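Please examine the model shown here before reading the explanation. The text then leads through it step by step.

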Amino acid sequence: MEKVVSGIRPTGNLHLGNYYGAVKSFVSLQDQFNCFFFIADWHTLTTHPKPENIQRSAKTILAEYLACGLDPEKVTIYVQSDVKETLELYLFLNMNMYLGELERVTTFKEKARKQPDNVNAGLLTYPTLMAADILQHRAVKVPVGKDQEQNMEMARKAARRFNHIYGVDFFPEPQNFYFGEGQAVKIPGLDGSGKMGKSEGNCIYLRDDDKVITKKVMHAVTDNGPQEPNSKRPEVIENLFTFLCLCSSCDTYECFDKQWNDCTLRYGEMKKQIAQDLVKVVAPIRERIAEYEANDALLSRILKEGAERARESARATLKEVRSIIGFRNE
């Protein structure tokens, strides 16, 4: 099976945007590819996180992803820092990357502007570490968003440059993997914005209880209601219909769509229905998260076994890389 690699951002408390976007997409891949999903704790060091946050986050994130459907029997899930081989490949790849091209990476320039007092070398070479994460497994596909496209091009450049310098055809050039229609879904924010996100404070979290979900939905932004039959819905209202489309039955969606078109729609009733249906989606996931978090031994075993499989894959690659470059293998 072709190998797929993707990093998981080491921040807990997944929300519906994460669930209907990356997480469900990851779950859809596990029966089709040989998947390696890692919790990217080394990458967080560019922002100097507190030690307790690093230590707590891995199992929190693992519990959430398992609750959403990732199967550790089908995919390799591991913590990035448990695979030390990554660092040696990171070193080798850095020797072939150049200062000018790293400085031109858009994400580096944006981060440097946002944190001018912490423009560290890790921030500069972030694309190289990302390349090492991918190339150590000789992956051919990487699920990414638009914000990672330039970093993916850098990973392909690292693969091409290594093959060219040493006259080999060893590393495949990893390709961006975009999910098809109906897989990755853009979830709107409750504040009427086009995207749900933590920094915007407009999220429904998978850990939210029923009352919190209901309260958030009832406070969702609306307008004065439809003024003309069959009129176009503004974005803030289309966002509510997106929630209906995701969590409610077709009949329910069609009922409220009809009410919009004949100008009889009452937002209060619509929000109550959305809240009720979202609770049905979130509650089982919330309960499974709690069950996984209560089983520390299981989480530890999954991460240990995942690290062993990831290291086996990385060691095989690194052994050949060392031989190609000219270093001894023990």
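The structure is a predicted model. Strand β2, covering residues 34-39, runs parallel to β3, and the two are joined by 4 bridges. Within this pairing, Phe36 has Thr76 of β3 as its bridge partner.

In soluble globular proteins, nonpolar side chains tend to be buried together. The largest nonpolar core of this model has 57 residues, and the members that touch the most others are Leu16, Met270 and Leu278. Helix α12 (residues 267-293) supplies the largest share of this core, namely 9 residues. Apart from its neighbours within four places in sequence, Leu16 contacts Ile187, Met196, Ile204, Leu206, Phe243, Leu278 and Val282. There is also a second, separate core of 38 residues, whose members include Val105, Leu123, Leu124 and Ala159.

Is Asn151 buried or exposed? Its relative accessible area is 1%, and because buried means under 20%, Asn151 counts as buried. When residues up to four places away in sequence are not counted, Asn151 touches Val105, Thr107, Tyr126, Pro127 and Met130. One of these, Val105, is also a member of the second core.

Definitions and conventions:
Residues are numbered from 1 along each chain as its sequence is written. This is a predicted model: local features need pLDDT of at least 70, side-chain atom pairs count only at pLDDT 80 or more; totals for chains, interfaces and linings use all residues. Side-chain values use heavy atoms; hydrogens and water are left out. Buried means under 20% relative accessible area, exposed over 50%, partly exposed in between (1.4 Å probe, protein chains only). Contact means heavy atoms within 4.5 Å. Two strands pair if DSSP finds at least two bridges between them. A nonpolar core is a set of buried Ala, Val, Leu, Ile, Met, Phe, Trp, Tyr and Cys residues joined through side-chain atoms within 4.5 Å.
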